[in-house]
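This briefing covers a ligand site and the pocket around it.

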Amino acid sequence: MSKTTMSPITTDFTQTDHSGGRLTINLGALVQNWQTLAQLAAPGECAGVVKANAYGLGLEPVSRALWKAGCRTFFVALPQEAFELRTYLPEASIYCLGGLTPTGASDFAGHAIRPVLNTPDEVREWADHDGAHEAALHVDTGMTRLGLTLEDAANLAADADLMGRLNLTHVMSHLACADEPDHALNDVQIASFNKVRSLFPGLAASLANSAGTLQGARFRHDLARPGIALYGGQSVIPCPVDLRPVVTLEARIMQVREAKAGEAVGYGATKTLRRDSRIAILGIGYADGYHRLVGSHPDAHVMVNDQLAPLLGRVSMDLIAADITEPHFDGVRAGMFVDVINSQITVDRVAGWANTIGYEVLTGLGPRYARTYLGG
Ligand SMILES: *Cc1c(COP(=O)(O)O)cnc(C)c1O
């Protein structure tokens, strides 16, 4: 991994020349973020969470770049993601957070995928299938989502026969409120998790997501599981370390047009122009994951030649409109690209305009963009 080898490779079938938007994913920045998090996690290990197509950024390029950087343990949500990841990383430890599917045990074992066992039934099924294969045990400590109850966990720990037929590597739990450091549930979960750990003294422990990894030693154990922070998304404010943005999104100007004061822009005619205006029509919309709610936010904008251009009217399926009336936009023409997400218009900023979170903006990045990967 060296910064000097940043040559762009277009890996998507969607050619830049034919797309309404181009997405640039900086794998060098992703790797730097992983290294930063790995330093925080040390002496524990730092995994990579690559579920949902690596948070929308591409499972294959992202996981290969992380592997090359030294990441050896990966988490996905679903078996289909695990099996795909296995084709890219034959030697990685791959955990499937969603656990076993009803008929899945032999496929898991066959591809050396480690299920995260979430229920007593899954625990028994895995033990009955073939005790030699690794798995992690997930205990719910207060999120009320997947995982064994504390009582289930205590029963399992006391069952020497069952434990003897399992090859558990980790006991883990998941934090509900790590992005809010002062939330009372954090202490409750940490205390419960410490109890759970004492039930399984031989197992490595894993609790921290991105926010937990960034926040301090009390959340960190033997294995950190960051996702969003790898991809340049925000998980805690303020962030104690420098994490780099990974995604740049640009939209093509399809048309530049003039309109008179009093005319309306877009569906529903929600935006009436107060002055004679010049408008750039851009080739991305909600079908590309550019959230429709963004259009209702008064601060929403794109950047043209480093200048802010406010959005006008609603977000359409394939198009948005931006105000380029100001004289510093003279010379802006159809065919040029404008910045929709960059180091100033962050993923979290766009998310805020749409009343959502950076995770949803990233995982929503659509399949029509021409994708270019830098570095890695
Ligand atoms: C998604 C997920 C993570 C990663 O969370 P981030 O907030 O993206 O860091 C870690 N652990 C579990 C169980 C998850 O579902």
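The shell around the ligand has six nonpolar, four polar and three charged residues; Ala, Val, Leu, Ile, Met, Phe, Trp, Tyr, Cys and Pro count as nonpolar, Asp, Glu, Lys and Arg as charged, and the others, Gly among them, as polar. This is a predicted model, in which local features need pLDDT of at least 70 and side-chain atom pairs pLDDT 80 or more, while totals for chains, interfaces and linings use all residues. Residues are numbered from 1 along each chain as its sequence is written, and side-chain values use heavy atoms, without hydrogens and water.

**Ligand shell**
- Lys-51, Tyr-55, Ser-210, Ile-228 and Tyr-359 come nearest among the 13 residues around the ligand (a heavy atom within 4 Å).

**Polar contacts** (N or O atom pairs within 3.5 Å)
- Tyr-55 places a polar side-chain atom 2.5 Å from an oxygen atom of the ligand.
- For nitrogen atoms of the ligand, the distance to a polar side-chain atom is 3.0 Å at Arg-225 and 3.3 Å at His-174.
- Of the 390 Å² of accessible area that the ligand has on its own, the protein covers 93% (Shrake-Rupley method, 1.4 Å probe).

**Pocket lining**
- The ligand takes up the space of the largest pocket (more than half of its atoms lie within 2 Å of the grid points).
- The volume of the largest pocket is about 770 Å³, the space filled by probe spheres set on the points.
- Its lining has 33 residues, with His-174, Leu-175, Asn-209, Ile-228 and Tyr-359 closest to the centre.
- A pocket is an open set of points on a 1 Å grid over the protein atoms alone, where a 1.4 Å probe fits, with protein on both sides within 12 Å along at least five of seven lines; lining residues have an atom within 4 Å of a point.
- The lining divides into 19 nonpolar, nine polar and five charged residues.

Conventions:
Polar contact = N/O pair within 3.5 Å; in protein donor to acceptor, adjacent residues only side chain to side chain.
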